[in-house]
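Here is a short briefing to read alongside the sequence and the 3D view. Take a moment to look the structure over before going through the points.

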Amino acid sequence: MVLRIYRPDRVVNGMKRFIIDSHKSDKFVQPPTVNYEKIFKASNERSPIVFILSPGADPLSDVQKLADDEGFSGNKFKYLSLGQGMEKEANIYLSTSSNRGHWLMLQNCHLLSSWLKDHL
């Protein structure tokens, strides 16, 4: 509480330090590692996989590696960063990918949430 009063900018780091010191481990403050193969095996063609990421996280290279391992490299794997004015291109990518059985990774979906409600 003292830290919050005098240094509110240090509360998060202070809490992390407290948890690490209390438990003699950083197990509870480290983010879990993502096993993309396990996620893929639990999915199917009728349900999309959704990653909710923290700022700065980018799973693109890991998903591309998984696509290569599963035989979806090259033209069978497309990705598109959504944003203003990308609705038409997103429609084309979605239609083409679903018709041909390709993988499609849509990034920054929060920027076109209204489009997502109508198309997914």
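Predicted model: local features only at pLDDT ≥ 70, side-chain atom pairs only at ≥ 80, totals over all residues.

**Fold**
- Six helices and two strands make up the secondary structure of the protein chain.
- Following the sequence, these elements come in the order α-α-α-α-β-α-β-α.

**Overall dimensions**
- The radius of gyration of the protein chain is 20 Å, whereas a compact globule of 120 residues would have one near 14 Å.
- Along the principal axes, the C-alpha atoms of the protein chain fill a box of roughly 60 × 35 × 20 Å.

**Burial, surface and contacts**
- Of the 120 residues in the protein chain, 18% are buried.
- The protein chain exposes about 9,800 Å², and 53% of this area is supplied by carbon and sulfur atoms.
- Among contacts in the protein chain with a separation of 6 or more, 56% are between residues 24 or more positions apart.

**A closer look at S54**
- You will find S54 in the loop between α3 (36–41) and α4 (60–69).
- S54 has a relative accessible area of 49%, and it counts as partly exposed because exposed residues need over 50% and buried ones fall under 20%.
- G101 is 47 residues from S54 along the chain, and the C-alpha atoms of the two are separated by 29 Å.

How values were computed: Residues numbered from 1 in each chain as written. Heavy atoms only, no water. Helix = DSSP H or I, 4+ residues; strand = E, 2+ residues; numbered from the N terminus. Rg over C-alpha atoms; globule rule 2.2 N^0.38 Å. Buried < 20%, exposed > 50% of the residue type's maximum accessible area, 1.4 Å probe, protein only. Contact = heavy atoms within 4.5 Å. Areas by Shrake-Rupley, 256 points an atom, 1.4 Å probe, with all protein chains shown as cover.
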